[in-house]
Amino acid sequence: MGLKAFLLALAIPALSTAAALPQDVTTQIVGGVAAQQGDFPFIVSLQRNGAHFCGGSLLNSRTVITAAHCAVGQSPSSLRVRAGSLSRTSGGTLVGVSSIVVHPSFSSSTLDSDVAIFKLSTAIPTSGTIGYATLPPSGSDPAANSITTVAGWGTLSQGGSSLPTNLQKVDVPVISRSTCRSQYGTSAITNNMFCAGYTSGGKDSCQGDSGGPIVDTSKVLIGLVSWGEGCAQPNRAGVYTRVATLLSFITANM
């Protein structure tokens, strides 16, 4: 099976960008629970013409990190970022985007180096509901079986047609890269990716969660929601951008 046949990107693509993405890629939180205030003070909803399409994380007052496949083909002038609210539709702070930088090695066919930086037109200071994400040590690799938490406003089931208004989260264990390669193929899972999920399925990120954070138990931003085959299927783990291998790009654009 070719890579494009099974990639399910987890963004909600705009018509203008759909052609640039693998055709079957999807992502959102399945099997999770409602997040509470303070769980993810750095998470943001990326919005295009008023509608949520991807997640992201604040790195500082003017910098958001997200997935490159959320950024390709986007016009900054049509985008807004909502921070500091559990709701994707109200509350918090809503600001514009001034520029977008996509990782120069990003591939829309393989989703390798799936990271981009949005610079904000207005600074978002920390507050009682807003904080900045902590980046991992360079080269660190999430350990197999360690528990991680992923969050987003994505769909609650594979093929779901509506998004939850309030932020959802779910805990998923990291699986070894070798196990993930046995699921998807050796070449599909690069060293710039890691995987998390249950052999039995049932809990996963899904469409609309793309670009959002997956964190370890210390709330370090170890990854970004990237892709998977469907959502929460058995033996089809969620695949995440490995932030620790891409820090030179990230820090250069902060």
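Colleague: What percentage of the 254 residues of the chain count as buried?

Modeller: This is a predicted model, and a residue is taken as buried when its relative accessible area is under 20%. With that cut-off applied to the 254 residues of the chain, the share that counts as buried is 55%.

Colleague: How many helices and strands does the chain have, and what share of the contacts between residues at least 6 apart in sequence join residues at least 24 apart?

Modeller: The secondary structure of the chain consists of four helices and 14 strands. Among the contacts between residues at least 6 apart in sequence, the share that joins residues at least 24 apart is 72%.

Colleague: Which residue of β4 is the bridge partner of isoleucine 43?

Modeller: Strand β3, which covers residues 43-48, runs antiparallel to β4 and is joined to β4 by six bridges. The two strands form a hairpin with two residues between them, and asparagine 49 in the turn has a positive phi of about 50°. Across this pairing, the bridge partner of isoleucine 43 in β4 is serine 57.

Colleague: How many of the 10 residues of strand β4 are buried?

Modeller: Strand β4 takes in residues 51-60 and is described as mostly covered. Of its 10 residues, the number that are buried is eight.

Colleague: Which residue in β5 is the bridge partner of leucine 58?

Modeller: Strand β5, residues 63-66, pairs with β4 in the antiparallel sense over three bridges, and a hairpin of two residues joins β4 to β5. Within β5, the bridge partner of leucine 58 is valine 64.

Colleague: Which residue in β8 stands opposite valine 64?

Modeller: Strands β5 and β8 run antiparallel and are joined by four bridges. Strand β8, residues 116-120, is mostly covered, with four of its five residues buried. In that strand, the residue opposite valine 64 is phenylalanine 118.

Colleague: Which residue in β8 is the bridge partner of valine 101?

Modeller: Strand β7, which spans residues 93-102, pairs with β8 in the antiparallel sense over five bridges. The bridge partner of valine 101 in β8 is isoleucine 117.

Colleague: How many charged residues does the lining of the second largest cavity have?

Modeller: The second largest cavity has a volume of about 40 Å³ and is lined by Ile175, Gln183, Gly197, Tyr198, Thr199, Arg236 and Ala237. Arg counts as charged, whereas Gly is placed among the polar residues and Tyr among the nonpolar ones. By class, the lining has three nonpolar and three polar residues, and the number of charged residues is one.

How values were computed. Residues numbered from 1 in each chain as written. Predicted model: local features only at pLDDT ≥ 70, side-chain atom pairs only at ≥ 80, totals over all residues. Heavy atoms only, no water. Buried < 20%, exposed > 50% of the residue type's maximum accessible area, 1.4 Å probe, protein only. Pairing = 2+ DSSP bridges. 1 Å grid on protein atoms, 1.4 Å probe; cavity = no way out; pocket = protein on both sides within 12 Å on 5 of 7 lines; lining within 4 Å. Points joined across faces, edges and corners; volume = space filled by probe spheres on them. Contact = heavy atoms within 4.5 Å.
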